[in-house]
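Dear colleague,

Please find below the structure that I am handing over to you. My notes on it come after the display.

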Amino acid sequence: MLDIKEYKKISLDFRRVASNFLRTEYTNQDIPLQRFYSYIEKESTIKNIILNKIDGVDYDFHDCFGKDEFGRSYIDIPLDEEKHIKAMYDYLSYIVENNVSLYSLSMDFPCGSKKITDYLQNFIDLAFKPLIDYIQDELSKLMIMVEEEKMGIDMSNNQGVINYAKDNSVIKSDNVINHNTLEEIANVIESIKDTIKNVDIDKDEKDNVLDDIELVQEQLQCSIEKPARLRKAFNNIKSFLTNSALLTGAGITLAENINELVTIVQPFIDKIA
Amino acid sequence: MADIEFKFQIEADDDGYVSYECPFCKSTFSLNASEVQKDDPVYTEMYCPYCGLNDVPTNFYTKEVIEQTQNIAMNYMIDEINKAFKKITKNNNKYVKMTYKPLKNQSIKDLKTKEGTEEIFECKNCSNHVKVDYYLGKTKVYCAFCGIDIC
Ligand SMILES: [Zn+2]
Ligand SMILES: [Zn+2]
């Protein structure tokens, strides 16, 4: 695995070629595309992100980027993310390797503008932005993992920064997550689980926030083995508070409960920051 | 026609930050006005702190700023037209009579950067700052100036 500096460099380079590709202008329209493709091909970290995802996936990109019986182009995104990634990657390779004109492809997707540059950018956005987003997400995850490992070492060197006294004995330190705190957290989480049932939010959203809450609880119980993940889950919980469903009815109680949890957990997050 | 330069001002918030909007993901963020206006180095590109993509700084102007610049340009044109017509009406003779009513200028609002639940991050690489919406803060925050990921 590379070190964090190298990942940061790849992330920056990738974002630059991707940005150039996304803001392709008429007159040089095929160059940013070729640069983007050759960067992906030669940077093994990125190539591997793609290959890991599409390994063993059987899908023909023509099903995603096709033409109907009247010769009109369409993009029909497959449900499976792997298939979508494979379709975008194969389509990109196909365009570059066969010198297909980006201009003529773009003209098949009207975008309410008269400028050719707008057509090009609209098409690239529709066809390839999800691939760029996916690669960036995966790069971020890799970087979090590397940072987490590094932080894990830092934390264990710093003896007993956060310690859970299993036997209820009092450890004299400000940083200890003591039994009472954990019990308090468990109680709040129980109320959250109770209340959330009556709040009108999407099941996926409910599951996500409950997963994050459980992750926070687990991490505090195990003296924070994965600080980066704890912080991310904690931030997700905080952002959930902006959900408009928390403004009315049972949502108000839920917001109060979550706020209580946030208040208890915040000091621990501040310490690992 | 020679290039005409228009000047406009955006009022910063209490911390001295002004708003920008990402052309890729449309998220808004704020930058320290004095850091953006630095002469050395002059920043010719800007990165979105949320999605990390980059473009020229002018493409990061918010809708309000763009509207404002258009209004200022429009007012300039209206003034020029009014001046031209004034000249014509002065030269009226007994055969041609021309009167004119000046066009009204577009109203120019004061641009003020709104304050919200935001957090300021400092870049360890270039020591500039970005102010991002805490709740939008996904896994990463990128430096708007040098593009490195800050956290
Ligand atoms: Zn963005
Ligand atoms: Zn920086």
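The notes below cover conventions, the metal sites, the aromatic rings and some local features.

This is a predicted model, in which local features need pLDDT of at least 70 and side-chain atom pairs count only at pLDDT 80 or more, while totals for chains, interfaces and linings use all residues. Residues are numbered from 1 along each chain as its sequence is written, chains are lettered from A and ligands numbered from 1 in the order in which they are written, and side-chain values use heavy atoms, with hydrogens and water left out.

Zinc sites

The zinc ion (ligand 1) is held by the SG atoms of C22(B), C25(B), C48(B) and C51(B), at 2.2 to 2.4 Å. Donors here are N, O and S atoms within 2.8 Å of the metal (3.2 Å for Na, K and Ca); water is not among the atoms, so sites may look incomplete. The angles subtended by the four donor atoms around ligand 1 are 103 to 118°, which makes the arrangement tetrahedral (four donors with all angles between 85 and 135 degrees). Along the chain, the donors of this ion follow the spacing C-x2-C-x22-C-x2-C. Two of them link distant parts of chain B, 23 residues apart: C25(B) lies in the loop between β1 (17-21) and β2 (28-32), and C48(B) in the loop between β3 (46-47) and β4 (54-55). Strands (E, at least two residues) and helices (H or I, at least four) are DSSP runs, numbered from the N terminus. C25(B) is partly exposed at 28% relative accessibility, whereas C48(B) is buried at 0%. Buried means under 20% relative accessible area, exposed over 50%, and partly exposed in between (1.4 Å probe, protein chains only).

The zinc ion (ligand 2) is coordinated by the SG atoms of C123(B), C126(B), C143(B) and C146(B), at 2.3 Å. Its arrangement is tetrahedral because the donor angles are 102 to 120°, and the donor spacing is C-x2-C-x16-C-x2-C. C123(B), in the loop between β5 and β6 of chain B, and C146(B), in the segment after β6, tie together parts that are 23 residues apart in sequence. Both C123(B) and C146(B) are buried.

Strands β5 (residues 118-122) and β6 (residues 129-133) of chain B run antiparallel and are joined by five bridges; strands pair if DSSP finds at least two bridges between them. E122(B) has H129(B) as its bridge partner in β6(B). Six residues lie between the strands of this hairpin, where S127(B) takes a positive phi near 55°.

Aromatic rings

Over all chains, the structure holds 14 aromatic pairs. Rings of Phe, Tyr and Trp (its six-membered ring) pair if their centres lie within 6.5 Å; planes under 30 degrees apart count as stacked, over 60 as edge-to-face and the rest as tilted. F65(A) and Y91(A) are stacked, at 4.1 Å centre to centre with 15° between the planes. This pair links strand β1 (residues 65-67) to helix α4 (residues 81-97) of chain A, 26 residues apart. F65(A) is buried, with a relative accessible area of 7%, and Y91(A) is buried at 8%. Ring pairs link these two residues into a cluster whose other members include F14(A), F61(A) and Y94(A).

Helix α3 of chain A

In helix α3 (residues 44-54) of chain A, the buried residues include I46(A), I49(A) and I50(A).

Yours sincerely

How values were computed:
Tetrahedral: all angles 85-135°; square planar, octahedral: opposite > 155°, others 65-115°.
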